[in-house]
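Biologist: I want to learn to read a fold from its coordinates. Take me through it feature by feature.

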Amino acid sequence: AAFFILEGWKKVLTLQGLRQCAFVGYALIIMSLVFWPVKTGDPAASHMNIGFAYENRGLWHEAADHYKSAVNINPTFAQGHLRQAVAYRMMGKIDTAMSELQQALNIQPQLVDAHMELGLNYENMKLWEHSAFHYRAVVEISPGMALSHLRLGIAFRMMEILRICYAAVDV
C-alpha cells in the first residue's frame, strides 16, 4: 500500500510543479495517518488500515483479504467482520457478507452499521420483514439516525403493499 501511495504522489508532484512543497508535506501527513497503527504494534489495526486504503481505491478483493487477516488475528474484532462484509457485498458475495454481518452482531449486538448493512442487504433481496427488523434495531440504538427511520418506513410500506397484493390474489 505504501508503494501505491508513493507512486501516486510522485505523479501528482510531477504534474503540479511549483506546488511541490505543499504536496510533499501533505503526502507525509497522509502517510503517517494511513500507517499510524503500524507504529503501535497492532497487526489487526494495520490490516484494517491497509484494507481501508484498498477500499478507497475500489479494490474490494484486496480490501477483503486485509479485513480477513485482521479478523484472523483478532476474531472478536466486530469492525473487521463489518468491513469484510461490505467488501464481500461490493464483490457480489451476498451470502458471505451476510454471514460476516451476523458474526459482527454476535460480537457486538449494538453495532449500528452492521444492522444497517443487514437491513440494506435484506431490502435488496426484497425480504422486507427482515430489513424492518434491522432498521428498527438501529432506530432503537441510535434514534437520531434519520436514514434508519426512512428505510424503516420504506420497509413497512413495502410490507403493506405486499399484504394488499396478497389479499387481492386470494379474492
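Biologist: In which handedness does helix 8 pass helix 10?

Modeller: A crossing is left-handed if the near helix is turned anticlockwise from the far one by less than a right angle, and right-handed if clockwise. Here helix 8 passes helix 10 in a left-handed crossing. Helices (H or I, at least four residues) and strands (E, at least two) are DSSP runs, numbered from the N terminus. Note that this is a predicted model, where local features need pLDDT of at least 70, side-chain atom pairs count only at pLDDT 80 or more, and totals for chains, interfaces and linings use all residues. Residues are numbered from 1 along each chain as its sequence is written, and side-chain values use heavy atoms, with hydrogens and water left out.

Biologist: At what angle do the axes of helix 8 and helix 10 cross?

Modeller: Axes are lines fitted to C-alpha atoms, for helices over the stretch in contact, and angles run from 0 to 180 degrees between N-to-C directions. For helix 8 and helix 10 (residues 146-170), the crossing angle is roughly 25°, and the axes come within 11 Å. Helix 8 is therefore roughly parallel to helix 10. The classes are: under 35 degrees roughly parallel, over 145 roughly antiparallel, 65 to 115 roughly perpendicular, and the rest oblique.

Biologist: Which residues meet there, helix 8 against helix 10?

Modeller: Contact means heavy atoms within 4.5 Å. Helix 8 brings M116, L120 and E123, and helix 10 brings L147, S148 and R151. By class, this contact has three nonpolar, one polar and two charged residues. Ala, Val, Leu, Ile, Met, Phe, Trp, Tyr, Cys and Pro count as nonpolar, Asp, Glu, Lys and Arg as charged, and the others, Gly among them, as polar.

Biologist: Is R151 buried or exposed?

Modeller: Buried means under 20% relative accessible area, exposed over 50%, partly exposed in between (1.4 Å probe, protein chains only). R151 counts as buried because its relative accessibility is 17%. Leaving out residues up to four places away in sequence, R151 touches M116, L120, E123 and Y135.

Biologist: What is the relative accessibility of S148?

Modeller: It is 0%, so S148 counts as buried. S148 lies in helix 10. Beyond four places in sequence, S148 touches M116, Y135, V138 and V139.

Biologist: Where is L111 placed?

Modeller: L111 sits in the loop between helix 7 and helix 8. Its relative accessible area is 6%, so L111 is buried. Setting aside neighbours within four places in sequence, L111 is in contact with A78, Q79, L82, A104 and L105.

Biologist: And what does L118 touch?

Modeller: Again not counting residues up to four places away, L118 touches M98, L101, Q102, L105 and H134.

Biologist: Is V112 buried or exposed?

Modeller: V112 counts as buried because its relative accessibility is 16%. V112 belongs to helix 8. With residues up to four places away left out, V112 touches V138, I141, S142 and M145.

Biologist: Last, the whole chain. How many helices and strands does the protein chain have?

Modeller: The protein chain has ten helices and zero strands. Of its 171 residues, 36% count as buried. Among contacts in the chain with a separation of 6 or more, 41% join residues 24 or more positions apart.
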